[in-house]
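Q: I would like to go through this structure with you, one topic at a time. Could we begin with the metal site?

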Amino acid sequence: MVDESGKTLESQGSMEFPQWFEGSEYMHRVACAIAKYGPIARTTLAQLLGLSQGALSRITSDLIYAGVIEELPGDSVSRGPLPQGFTPKESSDRRGRPQTALALCSNARTFIGIKAHGTSAIAAVVNAHGEVVSGRHESAFPDRSPESVTQVLAGLVRECVDDVTAAGLPSPTAVGMAIGGHVADDRVVTFAPFLRWDHDVPLASMVERATGLPCGVYNDIDSLLVDASWFGPGVGLEAFAVLTIGVGIGYSLAMHGRPVSCPDKSYGLLGHVLVDPEGPRCTAGHIGCAQCLTDDSLADQYSQMMGRACTFDDFARDARAGVPQASRLLDRTCFRLGSLIATIANIAMPSKVMIAGESAFLARMAIDPIRDGINRYRHSQASPVEFTVVDHDWQLWAKAAASRVIVRYLD
Ligand SMILES: [Zn+2]
């Protein structure tokens, strides 16, 4: 029945997704470059986009008039990150009039981001530059039916709208939703194991109807990837990968700031890749696959070492306290994580790998074993694999969902 009504709802058509401004392809490219690399000096931006100063000036005047960007006075130096391999040339009129830097009008728009789990959702409001401008909002689902989930999401949206109103910020432009699973056309959830949805759910249409705001629905790992590529450690990189560890293993790859798209993505394909031929056996029967990095497997492995039933939290607590068995398992786990990072680096060749997820804190506790695991599978003359560990916070996942709609609004 849900399926039937869902199909009708989707075929009734979705709300039109708004754009910040109407303009040429170059106008959009300039706005996107300022969003990623701003505040940025005019001369640097012109070099970056291969535009003459005159052409750039005409475009930036239009963007300033439209309220998308602003000029920050008295600064000839770019303060944002710059693309990999790009070195700005010295400006010839450096000693002339002081240059201005261009920046996005961050607080001119707001967006709501929501991350849905199996039993609850967390929401946050961000500005146009992907910075959180609200409090934390979290609600539990009374049950997992799409209708109940949508009602809870609509309640979170109301709380977020109240926050921005109280802060005197513009009311939200759109809602970005992130879920663990597979989404078709950024609108219909086709696979959501944590929500136990086994049929197509037109979640974007349902949220739009319940909130009156345009909505996009996205895979959660892809959302982290896009957020980092626009507003985080992945800005300007040619290739950038995200690896998440926690309840499951997640992976996604971006080329030039865009997720590599493939219809078979978001089914957790990296989760059973071999990381240690002497590792434990997973539920699918593989020996030493990447499942040994998940919370459940770590609880099992630790229980075996201790000779009694232990939870993942027991392991994490003992590892922090320096209990020898826990330290041994921590080192072994991080070495295996390093092997997985090396596999990603050797095959997909990203410039950087971001480690995120609920258990990413384990990676911070044993960096040397990660490097050893990476080096075990790298050529001695290959460049070192850059990786960065992000502290886990579900609000970051909510913010990342909002970044997806920002990119759509701007691009
Ligand atoms: Zn496996």
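**The zinc site and beyond**

A: Along the chain, the donors of the zinc ion follow the spacing H-x9-C-x3-H-x2-C. Donors are N, O and S atoms within 2.8 Å of the metal (3.2 Å for Na, K and Ca); water is not among the atoms, so sites may look incomplete. This is a predicted model, in which local features need pLDDT of at least 70 and side-chain atom pairs count only at pLDDT 80 or more, while totals for chains, interfaces and linings use all residues. Residues are numbered from 1 along each chain as its sequence is written, and side-chain values use heavy atoms, with hydrogens and water left out.

Q: Which residues coordinate the zinc ion?

A: The zinc ion is coordinated by His272 through ND1, Cys282 through SG, His286 through ND1 and Cys289 through SG, at 2.0 to 2.3 Å. His272 and His286 both lie in the loop between strand E13 (258-259) and helix H8 (295-306), so this pair ties together parts that are 14 residues apart in sequence. Helices (H or I, at least four residues) and strands (E, at least two) are DSSP runs, numbered from the N terminus.

Q: And what is the geometry of the site of the zinc ion?

A: The site is tetrahedral, with angles of 96 to 131° among its four donor atoms. Four donors count as tetrahedral if all angles lie between 85 and 135 degrees; four count as square planar and six as octahedral if opposite donors are over 155 degrees apart and all others between 65 and 115; anything else is irregular.

Q: Does "partly exposed" or "buried" apply to His272?

A: His272 counts as partly exposed, at 35% relative accessibility. His286 also counts as partly exposed, at 33%. Buried means under 20% relative accessible area, exposed over 50%, and partly exposed in between (1.4 Å probe, protein chains only).

Q: Let us change topic. How many aromatic pairs are there?

A: The structure holds seven aromatic pairs. Rings of Phe, Tyr and Trp (its six-membered ring) pair if their centres lie within 6.5 Å; planes under 30 degrees apart count as stacked, over 60 as edge-to-face and the rest as tilted.

Q: What kind of pair do Phe312 and Phe361 make?

A: Their ring centres are 6.3 Å apart and their planes stand at 70°, so the pair of Phe312 and Phe361 is edge-to-face. The pair links distant parts of the chain, with Phe312 in helix H9 (residues 312-321) and Phe361 in helix H11 (residues 361-365), 49 residues apart. Phe312 is buried, with a relative accessible area of 12%, whereas Phe361 is partly exposed at 22%. Together with Tyr302 and Phe315, these two residues form one aromatic cluster.

Q: Now charges: how many salt bridges does a search of the whole structure find?

A: The search finds 10 salt bridges. A salt bridge is a side-chain nitrogen of Lys or Arg within 4 Å of a carboxyl oxygen of Asp or Glu. One of them joins Lys115 to Asp220, with the closest N and O atoms 2.7 Å apart. This pair links distant parts of the chain: Lys115 is in strand E4 (residues 110-116) and Asp220 in helix H7 (residues 220-231), 105 residues apart. Both Lys115 and Asp220 are buried.

Q: What about Arg258, and which residue does its side chain meet?

A: The side chain of Arg258 meets that of Asp411 in a salt bridge (3.1 Å, N to O). Arg258 lies in strand E13 and Asp411 in the segment after helix H13 (394-410), so the pair ties together parts that are 153 residues apart in sequence. Arg258 counts as exposed, at 52% relative accessibility, and Asp411 as partly exposed, at 33%.

Q: Which residues are linked in a network of salt bridges?

A: Asp314, Arg317 and Asp318 are linked in such a network.

Q: Finally, the backbone: which peptide bond is cis?

A: The peptide bond from Gly38 to Pro39 is cis, with omega near -10°. Pro39 is placed in the loop between helix H2 (25-37) and strand E1 (40-41). Most residues other than glycine have a negative phi, and most peptide bonds are trans. Asp185 has a positive phi, near 55°, and lies in the loop between strand E8 (182-184) and E9. Met349 also has a phi near 55°, and is found in the loop between helix H10 (324-348) and strand E14 (352-356).
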